[in-house]
Amino acid sequence: MIDLGIVALCLGVALVASESALGGRKLQTGLSRVLVLWGAIGAALVLHFAFARGAGMLVFGVFWSGAFLTWFGVRSHVESSILLRLVFLLRGGGQQPEALLARYEALYGPEQRLEELLRSGLAEREGEGLRVTPKGRRILAAVDWLR
Amino acid sequence: MNALDLAAIAGAALLTTAFAAARFGELIFVAGSAVVVAGGVLLALVTPAPPAQAVLLAVGLALYAFGLAIVRVMLHRSVSLRMLARLGEPAAEEGSRLDIRGRLDDIARYRLARSRGGSFELTAFGRLVARIVAWFYQVTQVGA
C-alpha cells in the first residue's frame, strides 16, 4: 500500500507542476514542457519500482501513461469545449441564442482560436493571410490518418 | 519483470492498436477497450502478485482506455483542428462559426439547457455542470 501512496503523491505533484508550468495557457501551447515534467516524474518512479521492488516497472509505466492520457484528454477537452463554454456563459441566466453566440464569439470565437494556432506554432502569418506550418501539416496528416 | 508487467504492456499495445484501427470503425476501439479493461480487472482479482501492482494494472488500463477515448472524440469534434485544416480557404472563419452554432443544438440534446420563450435556460443538470466547469476554469486559469 506504500507504493500506492507514493504513486498518488507523485500524481498530485505532476498535476500541480503541470498547471504551474502551463500558467493559464492552453495545452496545445505548452504541451512539450508538460511532457518533460510527466516523463521526469514517471522515470523516477519507474526506477523506484525497478530497484526497490524488482518488478512492476511496466505496470507502473502503463498506469502513468494512462494517467497522463486521461489528464491530457480531460484538460484539453474542457479548456477548448465550446459546449461547456456556452453552459458556463449561461450561468448568469437565460439568453437568446443569438446573444449567447455573440457573447461566446466575442470572448472565445474564431479570432481567439486563430491566435492560439499561431502561438502554438501550428499556423503562421504569410503576407495578409495565414498558412499551416510544417508542424501543423504533420498534425493534420496524423489526424487524417487516425480519423 | 513479472506476469503483471507482461499483461500491462500487452494490454497497452492492444489498446493502442485498437485506437489506430478505429479509423475502420469506432466499434473496434469500444470492443477492444472493453475486452482489455475487463481482462485487466480479472487478472488483478486472481493474481498472487502484490495488491498495489494489481490495483495499478486494473486502474492503469482503464485510464489508458479512457484517455484514448477522449482523444478519439477530440479527433472528430475539435473546431481548432477543423479550422487549421481550412486555413487559407476564404470561408475558414465562417465554417468555424457554423461549427460553434451547431453546439447550441447539443446543449438541448444533452439536456444541459432548455429553450423557454426563445431563450436558453440551464436545467438542474446544466447548473451542476456549469459549477464544475467554473471551478475547472478557476483552477487552470484558462480564461474564465
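The lining of the second largest pocket divides into 11 nonpolar, 2 polar and 2 charged residues, where Ala, Val, Leu, Ile, Met, Phe, Trp, Tyr, Cys and Pro count as nonpolar, Asp, Glu, Lys and Arg as charged, and the others, Gly among them, as polar. This is a predicted model, in which local features need pLDDT of at least 70 and side-chain atom pairs count only at pLDDT 80 or more, while totals for chains, interfaces and linings use all residues. Residues are numbered from 1 along each chain as its sequence is written, chains are lettered from A and ligands numbered from 1 in the order in which they are written, and side-chain values use heavy atoms, with hydrogens and water left out.

The second largest pocket is lined by 15 residues, and those nearest its centre are Leu15(A), Glu19(A), Trp71(A), Trp135(B) and Phe136(B). Two or more lining residues come from each of α1 (2–22) and α3 of chain A and α6 of chain B, and the largest share, 5 residues, belongs to α3(A). Here a pocket is an open set of points on a 1 Å grid over the protein atoms alone where a 1.4 Å probe fits, with protein on both sides within 12 Å along at least five of seven lines, and lining residues have an atom within 4 Å of a point. Helices (H or I, at least four residues) and strands (E, at least two) are DSSP runs, numbered from the N terminus.

The largest pocket holds about 1100 Å³ of space, a volume being the space filled by probe spheres set on grid points that are joined across faces, edges and corners. Of its 43 lining residues, Phe72(A), Ser76(A), Met74(B), Ser78(B) and Leu81(B) lie nearest the centre. The lining is made up of 26 nonpolar, 11 polar and 6 charged residues.

Turning to the contact between the chains (heavy atoms within 4.5 Å), chain B and chain A each contribute 68 residues. Together they bury about 6100 Å², 75% of it on carbon and sulfur atoms, buried area being the accessible area (1.4 Å probe) that two parts lose on being put together, summed over both. In chain B, Leu56(B), Leu84(B) and Ile100(B) lose the most area to chain A, together 11% of what that side buries. The count of salt bridges between the chains is 0, with a salt bridge defined as a side-chain nitrogen of Lys or Arg within 4 Å of a carboxyl oxygen of Asp or Glu.
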